[in-house]
Amino acid sequence: MKQTKSSEELFHLLALSGQGDRAAFQALYEATSAKLFGLSLRILSRRDLAEEALQDAFINIWHHAQNYRPEKAAVMTWMTTIVRNKCFDLLRAMPKESQLLDEQSMDDWASDDLGPLEKATEQSQSKALLNCMSTLAPLQRQAIALSYFHGMPHEQLATHLAQPLGTVKTWIRRGLQSLKSCLQGVSA
Amino acid sequence: MRYDNPLLADMLATEYILGTLKGAARRRFEQLLTQRADIAQTFHWWESHMHLLADTVPATQPPQKVWHNIENRLFSTAKTQNSSWWKGLAFLSTTMAVSIATFLVIQSPKPLEDIAPTAVALLATEKAEAGWFLDETKHSPTDIEIKVRALTSLQIKPDNAFELWLLPADKSKPISLGLLPQQGTSVFKVPVELIPQMATGLLAVSLEPVGGSPTGQPTGAVLYQGRMTKT
């Protein structure tokens, strides 16, 4: 098992990549690509597309490495945003009927036991997030996860969860507010 | 001001991150982020926490070929001829572009100040029908502005938008440079990271729905083409 790199190390590698250091860029890829590929697979459910998204995302990361501003977002947050956006670009380009939903993973979010999700987490902050997610109602959690991993519009979410549109919107809004209070309580 | 409501700031930030904030509302929020430090702070808080959701996904090792492809696309000087959408599109020969561009420069009135354009481009169709004239002003090596002028010969399409793309010389994916005016002029700043590629890449204009390509890549026909040529 490869040792997870600290965010300072990732920052160092990204900064060097921004100066054109290819070895640093490769090290950055090796340190982060498995996690980011997992995310692409979760969003796209198709290996070929997930590979394409990861590839395009890293091309972008190389070209934009020098624009990265540490005061705005952690390296992993910044890279996650790029990968997720690439995935959504591909998802939107796909015909609606071939967009697959990873049902199993969504059931994980509705379950009372978030243990399986916690197994995958590598950062202590993500464990804190999961703890706070576990205080929400299962359907609230699921709505937030579906929205995050599938970029689902509220209308589509409402259909998927068989709930009125207004209810789904309120769930997400209130769910995120509770999440915020919980997370701020943890870090305070 | 209504943006002082912290609940609204939370709502906009989370909807922006989730992707449910769309169109004009999304662009307004992006603008707001540049104007309001407090809202930007709320946004960054949400961003750093919501993207932790991605950490709950099991890590999966991507196949070796992904890295090889990245390396090839970024660092290989050998031409990798993929089935790119613009393949075979080099209909406008460089010499022709240069000659038309030179013609236009001579025709245009002399600049009042000594900030002469450092490079120009003419975007034209396969049949050499000119659509836009671009001139670049270099204020500093990292501060380059391009003025775009829609020519009267341009066929206006009120139900569509014309989007300008940079096709990097390394054949990587087209990068959007924004929408072109159908009348009059507009000015855009070249993003610093694109400056080297602007000199070597090709420019292309595709026909898109109003507001621009919904996918971030060209979706409609490529009608005009050209390249920046140093004056």
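Me: Is A:Ser45 buried, partly exposed or exposed, and why?

Reply: The model is a predicted one. The class follows from a count of C-beta neighbours, with 20 or more within 10 Å needed for a buried residue. A:Ser45 has 18 C-beta neighbours inside 10 Å, so it counts as partly exposed. A:Ser45 sits in the loop between α2 (22–44) and α3 (47–64) of chain A.

Me: What is the phi of A:Ser45?

Reply: Most residues other than glycine have a negative phi. A:Ser45 is not a glycine, yet its phi is positive, about 55°. In chain B, B:Lys171 also is a residue other than glycine with a positive phi, near 70°. The loop between β4 (160–167) and β5 (175–180) of chain B holds B:Lys171. B:Lys171 counts as partly exposed because it has 15 C-beta neighbours inside 10 Å.

Me: How many residues of α8(A) are buried?

Reply: The count is 11 of 13, so α8(A) is largely enclosed by the rest of the structure. Among the buried residues are A:Arg141, A:Gln142, A:Tyr148 and A:His150. Just after α8(A) comes A:Gly151, with a positive phi of about 55°.

Me: What should helix α8 of chain A span, and how far apart are its end C-alpha atoms?

Reply: The expected span is 1.5 Å times one less than the number of residues. For the 13 residues of helix α8 (residues 138–150) of chain A this gives 18 Å, and the end C-alpha atoms are 18 Å apart, which agrees.

Me: Which residues have the most contacts inside the largest nonpolar core?

Reply: In soluble globular proteins, nonpolar side chains tend to be buried together. Here the largest nonpolar core has 65 residues, and those with the most contacts inside it are A:Leu44, A:Ala53, A:Leu54, A:Phe58 and A:Val83. Leaving aside residues up to four places away in sequence, A:Ala53 touches A:Ser40, A:Leu44, A:Val83, A:Lys86, A:Cys87 and A:Leu90. A second, separate core has 26 residues, including B:Trp132 and B:Ile175.

Me: How many residues does each chain give to the contact between chain A and chain B?

Reply: Chain B gives 37 residues and chain A gives 51. On the side of chain B that touches chain A, the elements giving two or more residues are α1 (6–18), α3 (37–50) and α4 (64–75) of chain B. The largest share, 7 residues, is from α4(B). By class, that side of chain B has 17 nonpolar, 14 polar and 6 charged residues.

How values were computed
Residues are numbered from 1 along each chain as its sequence is written. Chains are lettered from A and ligands numbered from 1 in the order in which they are written. This is a predicted model: local features need pLDDT of at least 70, side-chain atom pairs count only at pLDDT 80 or more; totals for chains, interfaces and linings use all residues. Two residues are in contact if their C-beta atoms, placed from the backbone, lie within 7 Å. Helices (H or I, at least four residues) and strands (E, at least two) are DSSP runs, numbered from the N terminus. Ala, Val, Leu, Ile, Met, Phe, Trp, Tyr, Cys and Pro count as nonpolar, Asp, Glu, Lys and Arg as charged, and the others, Gly among them, as polar. A nonpolar core is a set of buried Ala, Val, Leu, Ile, Met, Phe, Trp, Tyr and Cys residues joined through C-beta atoms within 7 Å. A residue is buried if 20 or more other C-beta atoms lie within 10 Å of its own, exposed if 12 or fewer, and partly exposed in between; C-beta atoms are placed from the backbone.
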